Amino acid sequence: MKALIALFTASTLALGANVALARDLGPDEALKLRDAGTIQSFEKLNEAAIAKHPGAKVEETELEEEYGRYVYQVELRDEKGQQWDLELDAKTGEVLKDHQDD
């Protein structure tokens, strides 16, 4: 029984730690990071995302801090109506993920 409780406690702590490692940043904090040069401008990040899908339009963006890295998430809709989800390193502009949304 003690082993089961210990396993449950460890699982709960591990799950909680993963949730705590990603947090959404509000507009004020995002602008401060941009102004400080910590992350690229949102225009440059949007351009990098659109370069992967020319002609697409930005529908939604979000900035998160994940594992000590700033990640810019972008939802695009291309000319065919397909939706794309991209994640970029907000400091370098490197595309980390690029997949079609169902």
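**Salt bridges, packing and surface features of the predicted chain**

Arg23 is partly exposed, with a relative accessible area of 35%; residues count as buried under 20%, exposed over 50% and partly exposed in between (1.4 Å probe, protein chains only). Residue numbers run from 1 along each chain as its sequence is written, and side-chain values rest on heavy atoms, with hydrogens and water left out.

The protein chain contains three helices and five strands, taken as DSSP runs (helices H or I, at least four residues; strands E, at least two) and numbered from the N terminus. Along the sequence, these elements follow the pattern α-β-α-α-β-β-β-β. Of the 102 residues in the protein chain, 29% are buried.

Five salt bridges are present in the structure, each defined by a side-chain nitrogen of Lys or Arg within 4 Å of a carboxyl oxygen of Asp or Glu. In one of them, Arg23 pairs with Glu29, and the closest N and O atoms are 3.0 Å apart. Glu29 is partly exposed because its relative accessibility is 30%. A further salt bridge joins Arg34 to Asp35, with 2.9 Å between the closest N and O atoms. Arg34, at 29% relative accessibility, is partly exposed, whereas Asp35 is exposed at 59%.

Glu59 and Arg77 also form a salt bridge, in which the closest N and O atoms lie 2.8 Å apart. This pair connects distant parts of the chain, since Glu59 belongs to strand S2 (residues 57–66) and Arg77 to strand S3 (residues 69–77), 18 residues apart. Both partners are partly exposed: Glu59 has a relative accessible area of 44%, and Arg77 has one of 30%. Through shared partners, salt bridges join Arg23, Glu29 and Glu65 into one network.

The structure has one aromatic pair, a term that requires rings of Phe, Tyr or Trp (its six-membered ring) with centres within 6.5 Å; planes under 30 degrees apart are stacked, those over 60 edge-to-face and the rest tilted. Phe42 and Tyr72 make up this stacked pair, with 6.0 Å from centre to centre and 25° between the planes. Phe42 lies in helix H3 (residues 42–52) and Tyr72 in strand S3, so the pair ties together parts that are 30 residues apart in sequence. Phe42 is buried at 17% relative accessibility, and Tyr72 is buried with a relative accessible area of 3%.

The largest pocket holds about 160 Å³ of space. A pocket is an open set of points on a 1 Å grid over the protein atoms alone where a 1.4 Å probe fits, with protein on both sides within 12 Å along at least five of seven lines; lining residues have an atom within 4 Å of a point. Its lining consists of Glu60, Thr61, Glu62, Gln73, Val74, Glu75, Asp85, Leu86, Glu87, Lys97 and His99. The elements that contribute two or more residues to this lining are S2, S3, strand S4 (83–89) and strand S5 (95–100). By residue type, the lining divides into two nonpolar, three polar and six charged residues.

Lys57 lies in strand S2 and is exposed, with a relative accessible area of 58%. Although Lys57 and Glu79 are 22 residues apart in sequence, their C-alpha atoms are 8.2 Å apart in space. Tyr67 lies in the loop between S2 and S3 and is exposed at 57% relative accessible area. The phi of Tyr67 is near 55°, a positive value in a residue other than glycine. Most residues other than glycine have a negative phi.

Notes. This is a predicted model: local features need pLDDT of at least 70, side-chain atom pairs count only at pLDDT 80 or more; totals for chains, interfaces and linings use all residues. Grid points are joined across faces, edges and corners, and a volume is the space filled by probe spheres set on the points. Ala, Val, Leu, Ile, Met, Phe, Trp, Tyr, Cys and Pro count as nonpolar, Asp, Glu, Lys and Arg as charged, and the others, Gly among them, as polar.
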